[in-house]
Amino acid sequence: MGVRGAQAPTGIEKMTVDFGLLAPSGYRKDIVRTFKLEPKPDIFNRRLVVDGWGAPGRIGKEGDLEFFLYQDGLLVYFDKDGAQATSMIFTLPQPLPPAETRPAQPPPQR
């Protein structure tokens with residue numbers, strides 16, 4: 001289910017709610033699976049996201065867009081400048097895989 005423009009909450013361009021979850025007890029159509037907000041410009045900037053949700057568990061890039069991933073179930077995409085949130089996806093908590101680690105560089109040979 002999605003609403004856009006004047007039907008969306010103030011400050012939001014588009015809001016989408018996905019229902020339905022397959023649980024061990026069967027399909028539950030009344031459970032919210034994801035909740036996506038596409039805010040208007042200058043509503044959720046990078047600083048406000050960090051002040052509200054804290055430091056992200058992971059920071060990544062998808063194409064030119066940077067994103068924050070929170071273990072509590074929030075994924076935030078930012079614009080090309082990295083200043084304004086363009087999409088905020090709320091979902092069930094997401095266990096984060098271990099961070100990729102790069103092997104230590106050996107000291108220079110003398």
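Lys-80 is exposed, with a relative accessibility of 64%; here buried means under 20% relative accessible area, exposed over 50% and partly exposed in between, for a 1.4 Å probe and protein chains only. The structure is a predicted model, in which local features need pLDDT of at least 70 and side-chain atom pairs count only at pLDDT 80 or more, while totals for chains, interfaces and linings use all residues. Residues are numbered from 1 along each chain as its sequence is written, and side-chain values use heavy atoms, with hydrogens and water left out.

The side chain of Lys-80 meets that of Asp-64 in a salt bridge, at 3.9 Å from N to O. Asp-64 belongs to the loop between β4 (58-62) and β5, and Lys-80 to the loop between β6 (74-78) and β7 (85-91), so this contact ties together parts that are 16 residues apart in sequence. A salt bridge is taken as a side-chain nitrogen of Lys or Arg within 4 Å of a carboxyl oxygen of Asp or Glu, and by this rule the count is four. Helices (H or I, at least four residues) and strands (E, at least two) are DSSP runs, numbered from the N terminus.

Another salt bridge joins Glu-66 and Arg-46, whose closest N and O atoms are 2.8 Å apart. Because Glu-66 lies in strand β5 (residues 65-70) and Arg-46 in helix α1 (residues 46-53), this pair ties together parts that are 20 residues apart in sequence. Glu-66 is buried at a relative accessible area of 19%, whereas Arg-46 is partly exposed at 27%. Arg-46 also has a contact with an aromatic ring: its charged end sits over the ring of Phe-78, 5.2 Å from the ring centre. The criterion for a charge over a ring is that NZ of Lys or CZ of Arg is within 6 Å of the ring centre and within 35 degrees of the ring normal. A further salt bridge links the side chains of Lys-36 and Glu-38, at 3.6 Å from N to O. Lys-36 is partly exposed at 29% relative accessibility, and Glu-38 is partly exposed at 22%.

Helix α1 has described features at both ends. Asn-45 caps the N-terminal end of α1, with a side-chain oxygen 3.1 Å from the backbone nitrogen of Arg-47. That contact falls under the definition of a polar contact, a pair of N or O atoms within 3.5 Å; within protein, one must be able to donate a hydrogen and the other to accept it, and residues adjacent in sequence count only if both atoms are side-chain atoms. After α1 comes Gly-54, which has a positive phi near 85 degrees.

The strands are considered next. Strands of a sheet pair through backbone hydrogen bonds, either parallel or antiparallel. In this model, seven strands form an open sheet in the order β1-β2-β3-β7-β6-β5-β4, with antiparallel pairing. The edge strands, β1 (2-4) and β4, each pair on one side only. From one strand to the next, the twist averages 15 degrees; axes are lines fitted to C-alpha atoms, for helices over the stretch in contact, and angles run from 0 to 180 degrees between N-to-C directions. Two strands pair if DSSP finds at least two bridges between them.

β4 and β5 are joined in the antiparallel sense over five bridges, and Gly-60 stands opposite Phe-67 in β5. These two strands form a hairpin with two residues between them, and Gly-63 in the turn has a positive phi of about 65 degrees. β5 and β6 pair in the antiparallel sense over four bridges; in β6, Leu-74 is the bridge partner of Tyr-70. Their hairpin has three residues between the strands, and Gly-73 takes a positive phi near 110 degrees.

The structure also holds six aromatic pairs. Phe-35 and Phe-90 form a tilted pair, because their ring centres are 6.0 Å apart and their planes are at 55 degrees. Phe-35 lies in strand β3 (residues 26-39) and Phe-90 in strand β7, so the pair ties together parts that are 55 residues apart in sequence. Phe-67 and Tyr-77 form another tilted pair, at 5.6 Å centre to centre with 50 degrees between the planes. Since Phe-67 lies in strand β5 and Tyr-77 in strand β6, this pair ties together parts that are ten residues apart in sequence. Rings of Phe, Tyr and Trp (its six-membered ring) pair if their centres lie within 6.5 Å; planes under 30 degrees apart count as stacked, over 60 as edge-to-face and the rest as tilted. Phe-67 is buried at 17% relative accessibility, and Tyr-77 is buried at 17%. Phe-35, Phe-44, Trp-53 and Phe-90 form one aromatic cluster.
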